[in-house]
Amino acid sequence: MSPSAAPSRFSLAPHELWRGIRSNVRSDVLGGSLLLAATVAALILANTPAVSWYESVRDFTFGIPELHLDLSVGAWAADGLLAIFFFVVGLELKEEFVTGRLRDPRAAAVPIAAAVGGVIVPALIFVLINLGSGADVLRGWAIPTATDIAFAVAVIAVVGKFLPPALRVFLLTLAIIDDLIAITIIATFYTDTISFPWLALSLLPLAGFAFLVQRGVRAWWILLPLAIAVWICIHAAGVHATVAGVLLGFVVPVVPSERARVRAGEDVNGEPLYNGMAPHFADRWGVVATLFAVPVFAFFAAGVTIGGLEGLASALTDPITIGIIVGLVIGKPIGILATTYLLSRVPALRLDESLRWPDLTGMAFLAGIGFTVSLLVGELAYGSSSVADEHVKIGVLLGSLIAAVIGGTLLARRNSHARREGIPL
């Protein structure tokens, strides 16, 4: 093989999060459907006579106290299982920065800036609504800033079959940057004390993991113990353990090399094609995150006891709940659309020609579906099972539902129009 032909032997197409699910479960809709089913099941159990069973399972504690790992089942789901989800997010982030949509700063500038606007405006709205409620309440400022990738992409997959592909790309890019900002917020603002010896100790298994994956090692029985060791050290250091998942994802190589590569098929000439380690791991662990980790977390995080109409009325008069709902339903679209409009006025940063403002408006409302990370931040801000946390759950669920209905309705109408016009998929 000549040097000039060598690049054809490598497959560099960026992996897309939630698209690595194999065979009959290869669907964006599946992740959102499982998440929805887990949420509904949790709400039913928490508001029926089965609530005592649900709470006893969620609050059952086990682990190793010497390693600060004597946690409840709900905490294991939030700290442990979500680390798998954030590992996949870390892989996706690195891929996008190395070979994907975020590689070209000029092309990625608009959705990146839109993501930032979609974080700042909801946070400001929450703070303004809760300005007189005290510093403890203001700890929840970051709750309405997150976009749930699984739910948002699932909705657009259901109602937007004939919409421009660039719209989904815009939403994915925005959600990916949103996740990066959320990770930074959790590590910076929701970490009270840091044990630097434990943090330094985490570098040893992380370096070992990085060394092995850079050399193409894929054996789970070698890599998984190192990953667990990183997670334990990060958790013991006082940093939220989901950060460990991101760090592990960041050290996995994206571009295939002679050592670190996975065969992905053959080209038209019969020559082998290779993927890097990052898309390979994202395919494998994306299945675990989608089918198990995120739904289990949702099941234990979304179980709020509403307390009938009186309880719902109490929650809806709480500034925390109001701030979350207004932030998700109004703040997110305003922040995203205003930033997009301002940057699209810059000639070098114009939007994709196939995108229309009605499409972007519907997509901006879908970005107000804040679920997984919003619930996690609520627990970190107010403590699990507190009254404030219960109101957070109601706010996140109602706000996400309203945003999904508005965004889904707008995009469904646009999709019907596109189908009548005969726009191809």
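**Close-up views of a predicted model**

View 1. Leaving out residues up to four places away in sequence, F371 touches L35, T39, D148, F151, A298, A302, V396, L397 and S400; a contact means heavy atoms within 4.5 Å. This is a predicted model, in which local features need pLDDT of at least 70 and side-chain atom pairs count only at pLDDT 80 or more, while totals for chains, interfaces and linings use all residues. Residues are numbered from 1 along each chain as its sequence is written, and side-chain values use heavy atoms, with hydrogens and water left out. The largest nonpolar core has 91 residues, and F371 is among the members that touch the most others, together with F86, L167, F170, I320, I324 and Y382. Helix α7 (residues 165-189) supplies the largest share of this core, 13 residues. A second, separate core of 29 residues includes A227, V251, F281 and A282. A nonpolar core is a set of buried Ala, Val, Leu, Ile, Met, Phe, Trp, Tyr and Cys residues joined through side-chain atoms within 4.5 Å. Buried means under 20% relative accessible area, exposed over 50%, and partly exposed in between (1.4 Å probe, protein chains only). Helices (H or I, at least four residues) and strands (E, at least two) are DSSP runs, numbered from the N terminus.

View 2. Strand β1 (residues 61-64) pairs with β2 in the antiparallel sense over four bridges; two strands count as paired if DSSP finds at least two bridges between them. I64 stands opposite L69 in β2. Four residues lie between the two strands of this hairpin, and H68 in the turn has a positive phi of about 60 degrees. In β2 (residues 69-72), L69 and L71 make up the covered face, and D70 and S72 the uncovered one. In a regular strand the side chains alternate between the two faces of the sheet.

**View 3. L93 in helix α3.** L93 is a residue of helix α3 (residues 73-98). L93 counts as buried because its relative accessibility is 0%. Beyond residues up to four places away in sequence, L93 touches I176, L180, I183 and F250. A123 is 30 residues from L93 along the chain, and their C-alpha atoms are separated by 23 Å.

View 4. D359 has its place in helix α14 (residues 357-366) and, at 2% relative accessibility, counts as buried. Apart from residues up to four places away in sequence, D359 touches L163, P164, L167, S354, L411 and R414. K332 lies in helix α13 (residues 319-344); with 1% relative accessibility, K332 is also classed as buried. The residues that K332 touches, again not counting those up to four places away in sequence, include G118, V119, P122, D178 and A364.

**View 5. Salt bridges.** Six salt bridges are found in a search of the whole structure, each defined as a side-chain nitrogen of Lys or Arg within 4 Å of a carboxyl oxygen of Asp or Glu. Side chains of opposite charge can pair when their charged atoms come close. R58 and D59 meet through their side chains at 3.2 Å, N to O. R58 is buried, with a relative accessible area of 7%, whereas D59 is partly exposed at 39% relative accessibility. E258 forms a salt bridge with R261, with the closest N and O atoms 3.4 Å apart, and E258 is exposed at 56% relative accessibility. D389 and K393 form another at 3.8 Å, N to O. Both lie in helix α16 (residues 387-421), four residues apart, about one turn of the helix, and both are buried. A network of salt bridges links D389, E390 and K393.

View 6. The 25 residues of helix α4 (residues 105-129) should span 36 Å at 1.5 Å a residue, which agrees with the 35 Å between the end C-alpha atoms; the expected span is 1.5 Å times one less than the number of residues. A kink of about 25 degrees in α4 is centred on P111, where the bend is the angle between axes fitted to the seven residues ending at a residue and the seven starting there. Helix α8 (residues 196-214) has 19 residues and reaches 27 Å from first C-alpha to last, close to the 27 Å expected. Buried residues in α8 include S202, P205, L206, F209 and V213. Among the elements that cover them are α9 (220-236), α10 (242-250) and α11 (277-301). Just after α8, G216 takes a positive phi of about 85 degrees.
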